[in-house]
Amino acid sequence: MLHIELQDKLFPTLKKYFGYDSFRDQQQSIVESVLSKNDNLVIMPTGGGKSICFQLPALLFEGLTLVISPLIALMKDQVDGLNANGISANFFNSSQESLEQTKIFEKVINKQIKLLYVAPESLSLLQNILTENYISCIAIDEAHCISSWGHDFRPSYQQLGFLKKVLPNTPIIALTATADKATRTDILEQLNISNATQFLSSFDRKNIELEVRPANDRVLQIIKFIRKKPHEAGIIYCLSRKSTEQLATKLQQNGISAVAYHAGLNFEERTKAQENFIYDKIQVVCATIAFGMGIDKSNVRWVIHYNMPKNIEGYYQEIGRCGRDGLPANALLFHSYADVIQLRKFMNGASNEEVQLAKLERMKQFSEATTCRRKILLSYFGELLSENCENCDVCKNPPQFFNGTIIAQKALSVISRLKEIEAVGTVIDVLRGAHNATILEKGYNQLKSHGVGSDISWRDWQQYIIQLINQGYCEIAFHKNNALQLTDFSKKVLFEKEVVELTKPIEVQEQKNVQTAPKVAKAKKDSLFERLRKLRQEIALSENIPAYLVFSDATLK
Ligand code: ADP
Ligand code: MG
């Protein structure tokens, strides 16, 4: 329980410094938890109001609240905003003159600053004030940057674990808009705050209509789309700097007021583009993902993805920039297989390549889905939507469903009976009653459910399992070799008679010979193994699926 004196100050402080009469959703509980000196992890959508969660406690703590934030540009905006509200805040970075830095230290020591923003790279310069004499709280904004499972990993964030060691009694509040389950766990572990109280807000942004279209003639489609909304501001995300410029030019040639925005432009150009957009002097920004972090424009009416995003976190964060005022907004994604190939190439050789590929795969499945898209988005973040949303293209134009409960039960019960979590391919092998090396080695042929799904082809199983993942009944464990595992919702199917709706698998144009996993049980290993890996790559590419869905390394052996 929070001390009554502090409790009494919450609302007056909110009003006095921020001008608000009430807290949003979880803000009050979070503020109270911080003031009670708990460690906290806050997952709240962009625009949800994360800043208050540490800025308000900062005003009530005696000492300094240190705010770790990734971008210097963002820090300056926040500090200016706070100063304008009469709050004593500063930022600290290595480019400041040493005189200025000394002044900041003096102010900290005299307890004249409430909030100090700093990038993780500059933390080492703060050594002389990093003691509990001066510091009352640590806020880590954009905390997903710490995790290589996250979508925006920054190595400099990885050193932040030392904070809890140096300041063991100082509460830490880590905040982010986008973190799937694996990322959340990783954030807690790395910051050494595994007992943190977690606040998970709903990720549902009901007012945003979701739509995916094939990318043919996308420029033409975009021009038509914008012409129907002549006064509505929007953002078009592109993969490359060059395409932002080309697209902006094409739009201008068609009488649409558009500019390009990317990190290659100089500071003035970027600031000008931002301001013109914020003050409604231009309608459209064609941007790389560099655009949007920290942009506070509540009436962005639509977001278009000219190219496919790398993963669902990025997509969700970017579409979250429209409709912040709660009024109807549109998110339109163009889906092209060429983009997927391009993105896979970018990921080639990355230290967490497997994770990145698996996340891209989920993004691709989202684009191709026949289930309510909002269900997929929310289940990705661990939420189950019980009804279809009726505000996405799939809901508005639904495919034919059939009762797939038995299929779902078979798949989930097989997963639940395996002695450890296995790749999708192995699960299908068990379902289909295969007798390959892995199955025999692990004794899966002894399971009662071995072969319960032999009436369904290998390929159809793949598609059904993707649908089950999309609906949140099972999931890919990105941090465990992309194996397939149950979720909290699986038991609804296994034990609570949940009815599962599936759609008939799509016919794939070129039917390649992957009906069953190749039988390589007794073959000579090495060279054959390599040949099979190559074959797997080829199948994966030609079938437009990731390698781990074809068959696993274990199966090969
Ligand atoms: P986030 O960091 O979660 O993206 P911000 O903290 O920047 O979100 O807040 C987004 C917007 O919501 C800001 O314009 C902020 O002033 C506004 N806001 C935050 N809390 C409240 C509140 N309790 N009442 C009204 N507006 C709020
Ligand atoms: Mg923020």
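Start with Ile 304: its bridge partner in S13 is Leu 332. This is a predicted model, so treat each stop as a computed feature.

Stop 1: Select residues 302-305, strand S12, and residues 329-335, strand S13. The two strands pair in the parallel sense, over 4 bridges.

Select residues 312-319, helix H11. H11 packs on the sheet and touches S8, S9 (234-237), S12 and S13. The direction of H11 makes about 150 degrees with that of S12.

**Stop 2: the whole sheet.** Show all 6 strands of this open sheet. Read across them in the order S8-S13-S12-S9-S11-S10. The pairing is parallel. Which strands are at the edges? Select 208-214 for S8 and 258-261 for S10; each pairs on one side only. From one strand to the next, the twist averages 15 degrees.

Stay with S10 and select residues 267-278, helix H10. H10 also packs on the sheet, where it touches S10 and S11 (284-287). Compare directions: H10 makes about 140 degrees with S10.

**Stop 3: the sheet of 7 strands.** Move to another open sheet, ordered S3-S4-S2-S5-S6-S1-S7. Its pairing is parallel. Select 89-92 to find edge strand S3, then 197-200 for edge strand S7. Each of these pairs on one side only. Here the twist averages 20 degrees from one strand to the next.

Zoom in on S2 (residues 64-68) and S5 (residues 135-140). They run parallel, joined by 5 bridges. Pick out Leu 64, which stands opposite Ile 135 in S5.

**Stop 4: ligand 1.** Select ligand 1 and the 13 residues around it. Which come nearest? They are Tyr 20, Gly 48, Gly 49, Lys 50 and Ser 51. Colour the shell by residue class: 4 are nonpolar, 6 polar and 3 charged.

**Stop 5: a helix pair.** Select residues 405-417, helix H16, and residues 424-432, helix H17. Their axes come within 10 Å and cross at roughly 110 degrees. That angle makes H16 roughly perpendicular to H17. The crossing is right-handed.

Show side chains at the contact. From H16, take Lys 410, Ala 411, Val 414 and Ile 415. They meet Val 427, Val 430 and Leu 431 in H17. What is the make-up of this contact of H16 with H17? Its residues divide into 6 nonpolar, no polar and 1 charged.

Notes: Residues are numbered from 1 along each chain as its sequence is written. Chains are lettered from A and ligands numbered from 1 in the order in which they are written. This is a predicted model: local features need pLDDT of at least 70, side-chain atom pairs count only at pLDDT 80 or more; totals for chains, interfaces and linings use all residues. Axes are lines fitted to C-alpha atoms, for helices over the stretch in contact, and angles run from 0 to 180 degrees between N-to-C directions. Angles under 35 degrees count as roughly parallel, over 145 as roughly antiparallel, 65 to 115 as roughly perpendicular and the rest as oblique. A crossing is left-handed if the near helix is turned anticlockwise from the far one by less than a right angle, and right-handed if clockwise. Two residues are in contact if their C-beta atoms, placed from the backbone, lie within 7 Å. Ala, Val, Leu, Ile, Met, Phe, Trp, Tyr, Cys and Pro count as nonpolar, Asp, Glu, Lys and Arg as charged, and the others, Gly among them, as polar. A residue is near a molecule or strand if its C-beta atom, placed from the backbone, lies within 6 Å of it. Two strands pair if DSSP finds at least two bridges between them.
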